[in-house]
Amino acid sequence: MNADRHVAVVTPWYPDPQVTYAGAFVRAQVEAVAHGCAELAVYHLKSWPVGAVGAPLDADPAVVDLHARLLARSDAPLATAGGAVLHRVPALTPRDTRWITHSDASARWLRAFLGGAPLKAPIVHAHVPITGGWAALENAAPGARVYMTEHASFLAELLEQPAARARYDEILERADGFFVVGEPLYERIAAEFPHHAAKLEYIANPIDFAAPRERPPAALRRWLSVAALNERKRIDYLIEAFRRCRDRDPEITLTLAGDGRLRADLEALTARLGVTGAVEFLGSVDPGQVAGLMASHDLFVHTSRHETFGVVVVEALAAGTPVLVTRSGGSDQVLHGIETEAGRLFDVDPDPDVLVDAYLELRERHPAGTDVAAAREHLRAKYSYEAVAQRHFAVWDREGDR
Amino acid sequence: MTVVFVAPKSVWRQALATETRAALDAGHRVRLLAEEGPSWDETPLDERVEVQWSGATAVVAPEPALVAVVLNRIPLGVLRRVGRGPLRRPADAAAAWWRRTVLGPSTRRRKARTRALRDAHRRAFLAAALADGDFDWIVLHEPQAVELGVDWLPALLDARPGLVTTFSFEPRTEDAGA
């Protein structure tokens, strides 16, 4: 523990009893670094939409006044990962899609929660700059250093909004350090704001490497997907490719962990393709279950069109399970240099035979032509809790030493 | 203590089931003011929770009889009959156009009236359910608890400054020994 590290984490995403996986990577970061901090407090600014669609937040001043009064008297410090303290700070937001209003609301409600006083911590690390980052900058104490990490997959939509774009530029200007979790985000932000490109740095989401499977899978028959059931993840494509592979080997099965609005359609597709008995829909799973799921399957398959960082790919390899994943941005970066050892990458392509061919090639050479243990060690050095914690400490301490 | 969870729309049912159980396990008496609905079957509550259902889902703005007959049943009934013959496609298209163009605006107005009626019903329900003051701790579990609290909560906070208010019931730092 470092007696000088008093840290506040400000985030719009953090697991709660309703959605236990939302912002699990933020909790992982907290768990990774908490042991090295004298004090670590998390401020969870969860969005609470109110009012009529399109109405401004101040349309009903009585609601706004009441919420400010409640925030000032309703703090119940909660226990969270690593012995850190968690404050739930519901942020009333208008029902609109303008990011600038959500950004303003985040800063406003954190200020109300703090009673107008600044955050006490001299180090503030925020997640999602447009909301958590702005709230941190507007509520940090004078002289405090404010860092932030961008994870968001909605950046393109945000930057199309002029006011939000200008706010983002200001955030980049004022932040003491600005981190991204993957190459796609790095390239996007550097291209949009070239005058801030030198400020961008990588920082990884920490992954638990503690419990690998006892022995590598003998045959790649039990497939696993851990992904939301939405268009971007292309689960319909996965099911069709799975059906074609199953035509060649009736022993293979597919487990789908994750939920989403496409679930009914995907279940219907599974029935239409005649593979209902071979496909299991698990629904949402708790983050704590993921490592066990990875270890109890033979192959992790991921068909996403775009990823900012390949968390689940690293989780699969941390469990010792080979991967068959699309070149979706984040996954490419994670597997750079260890593609063959880890499993197989394949292109994002509408033709399911691309996945089928990749699977057959991987199955042909596994296990002699893969080395998951080596891939795992390679990733452990970059993404383990210890490695990511040291990266945070190096950033926080280098500025403090100046 | 007696903890009352205020969840007039019960949007986060999984959390309500988890947190009410946690409060019970911590030795509290637990009341819940909630909205009924079939989704509760997926997230059952502990039987020790004292639930008061709002009945808001049964509140619906009535459709005027004349509108129901003249604009809804007669024209759509005629188009259904016509559609049984070889004119099925044009009849279906005409029915879709009728629903969208003629019935659409009145349906939207009726939905808005239903929303307003339900909110008024929820406000009255909360005021009545909390009138006895039989609680020491209020968990305002969702945005609507704050929105619908403007009529009764400020006065309650003035009258009972020692009343505990939170937005959730989760393990506190002292409970974890932190």
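Guide: Helices (H or I, at least four residues) and strands (E, at least two) are DSSP runs, numbered from the N terminus. This is a predicted model, in which local features need pLDDT of at least 70, side-chain atom pairs count only at pLDDT 80 or more, and totals for chains, interfaces and linings use all residues. Residues are numbered from 1 along each chain as written, chains are lettered from A and ligands numbered from 1 in written order, and side-chain values use heavy atoms, without hydrogens and water.

Visitor: Over residues 223–362 of chain A, what percentage is helix?
Guide: The unreviewed UniProt entry annotates this stretch as "domain: Glycosyl transferase family"; such annotations, given in the numbering used here with shortened feature names, may be inferred rather than shown by experiment. Its end C-alpha atoms are 13 Å apart.

Visitor: Which residue is the bridge partner of Ala34(B) in E3(B)?
Guide: Strand E2 (residues 29–34) of chain B runs parallel to E3(B), and four bridges join them. For Ala34(B), the partner in E3(B) is Trp53(B).

Visitor: Which residues of helix H7 (residues 183–192) of chain A are buried?
Guide: Buried means under 20% relative accessible area, exposed over 50%, and partly exposed in between (1.4 Å probe, protein chains only). The buried residues of H7(A) pack against several elements of chain A, including strand E8 (145–150) and helix H12 (330–335), where contact means heavy atoms within 4.5 Å. These buried residues are Pro184(A), Leu185(A), Ile189(A) and Ala190(A).

Notes:
Pairing = 2+ DSSP bridges.
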